Amino acid sequence: MNTIKNYVETMFLHLPKTEELRQLKIDILANMEDKYLELIKKGSTENEAVDQVISEFGSIDEVLEELNLERKAERVDEYYDGEFEENQPKLPVLNEETVLDILAEKRSVAMKIGLGVILCALGVASLLVFHLFWLTFIGLIIMFMFLVLGVVFFIMGGFQNSKFEYLTHPFVLTREAREETAKLQQDFSKTFAFSITVGVVLCLVSVFPLLFTLYISTSGDGVLLAVALMLAIASFGVWLFIYAGVHNGTFTLLLTQGLSQQPTEEEAKKMKLVHKIDSIFWPLVTLVFFIWGFFLPGGFGVSWLIFPVGGILSQLWES
């Protein structure tokens with residue numbers, strides 16, 4: 001359903017903000033949602049229903065032409081692209097090409113961080129295995145090599161990801177970029193679900209050798225081997241979590257944080273103020289979380305409540 005809402009929003013992104021077009025957008029969204037629910041009741045999957053609703057809608061230009069609104073929209077857009085924006089603050093504008101570059105870079109970041117996790121886990125597992133054969137020194141050397149390589153990948157991924165720090169600030173997403181992002185997220189949804197499912201299965205399966213070993217024997221050697229196997233299997237599950245999470249999180253960030261147009265001067269001032277407050281507020285919330293967790297009654301079992309409370313309080317200046 002959110003995909004349909006995003007699709008309708010992008011259609012009206014560069015059209016004038018008139019009451020007539022506002023009502024048209026509401027009507028179109030209502031009709032598309034009704035059609036979506038109707039298809040779901042008939043047994044279609046969510047993805048199939050969304051695809052059919054969007055494909056049957058057609059083009060917004062056809063709708064405007066039928067309602068004799070095309071000329072009016074063109075005149076207002078021409079004015080909007082000219083003097084209307086001259087004195088307004090400018091935010092970074094992400095077009096379709098930029099979005100595709102961001103997604104490719106984020107995939108690379110996820111791969112590097114995930115590979116770093118696997119290497120670190122395999123390093124510890126190697127130490128345990130070599131220790132079984134009285135080759136602890138060799139195991140330490142191999143573990144050190146794996147850990148160094150893992151840290152290198154972490155650093156490489158961190159530096160690569162630092163280029164996108166600007167995405168934590170307001171930016172504008174063009175209509176074409178929003179449509180492409182929504183489509184790519186829809187296409188990735190099955191991969192995301194599959195990756196998370198397999199990751200969970202791998203993490204659960206990784207515990208079985210250890211449980212089985214503890215059940216049939218209390219031998220220290222057997223337990224060490226089972227732990228090594230658990231680390232190796234679980235690390236691949238974590239890699240899937242990281243890859244799918246970063247990739248899908250980038251889609252969500254672009255679609256939810258990207259503005260449809262340049263803000264007015266008043267809106268820009270408000271966003272700047274919110275960012276300044278958040279940059280002070282949330283580090284303080286995190287500090288309170290740890291202080292409470294370590295030194296106050298209840299510990300971390302209670303201190304986590306500071307985050308939902310902080311989320312509620314932040315609405316005072318974000319709304």
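**Reading charge and exposure in a predicted model**

In this predicted model, buried residues make up 33% of the 319 residues in the protein.

Reader: Why is Glu 97 called exposed?

Author: Glu 97, which is found in helix α6, has a relative accessibility of 57%. The label exposed is given over 50%, and therefore Glu 97, at 57%, counts as exposed.

Reader: What makes Thr 191 partly exposed rather than buried or exposed?

Author: Thr 191 has its place in helix α8, and its relative accessible area is 37%. Buried means under 20% and exposed means over 50%, so a residue with 37%, as Thr 191 has, falls in between and is called partly exposed.

Reader: Why is the pair of Lys 42 and Glu 38 called a salt bridge?

Author: The side chains of Lys 42 and Glu 38 meet with a distance of 3.2 Å from N to O. The rule asks for a side-chain nitrogen of Lys or Arg within 4 Å of a carboxyl oxygen of Asp or Glu, and so the pair of Lys 42 and Glu 38, at 3.2 Å, is a salt bridge.

Reader: Why are Asp 187 and Lys 183 said to be separated by about one helical turn?

Author: Asp 187 and Lys 183 are 4 residues apart in helix α8, which means that about one helical turn separates them. Their closest N and O atoms are 3.2 Å apart, and since this distance is within 4 Å, the two residues form a salt bridge. By this rule the count comes to 3 salt bridges.

Reader: Which residues gather in the patch of negative charge on the surface, and which helix supplies the largest share?

Author: The patch gathers Glu 96, Glu 97, Asp 101, Glu 176 and Glu 179. Helices α6 and α8 each supply at least two of its residues, and the largest share, 3 residues, comes from α6.

Definitions and conventions: Residues are numbered from 1 along each chain as its sequence is written. This is a predicted model: local features need pLDDT of at least 70, side-chain atom pairs count only at pLDDT 80 or more; totals for chains, interfaces and linings use all residues. Side-chain values use heavy atoms; hydrogens and water are left out. Buried means under 20% relative accessible area, exposed over 50%, partly exposed in between (1.4 Å probe, protein chains only). Patches are made of residues with over 30% relative accessible area and no salt bridge: like charges are joined within 9 Å, nonpolar side chains (Val, Leu, Ile, Met, Phe, Trp, Tyr) within 5 Å. Accessible areas come from the Shrake-Rupley method with a 1.4 Å probe; for residues, only the protein chains shown count as cover. Lys and Arg count as positive and Asp and Glu as negative; His and the chain ends are not counted. The place of a charge is taken as NZ of Lys, CZ of Arg, CG of Asp or CD of Glu.
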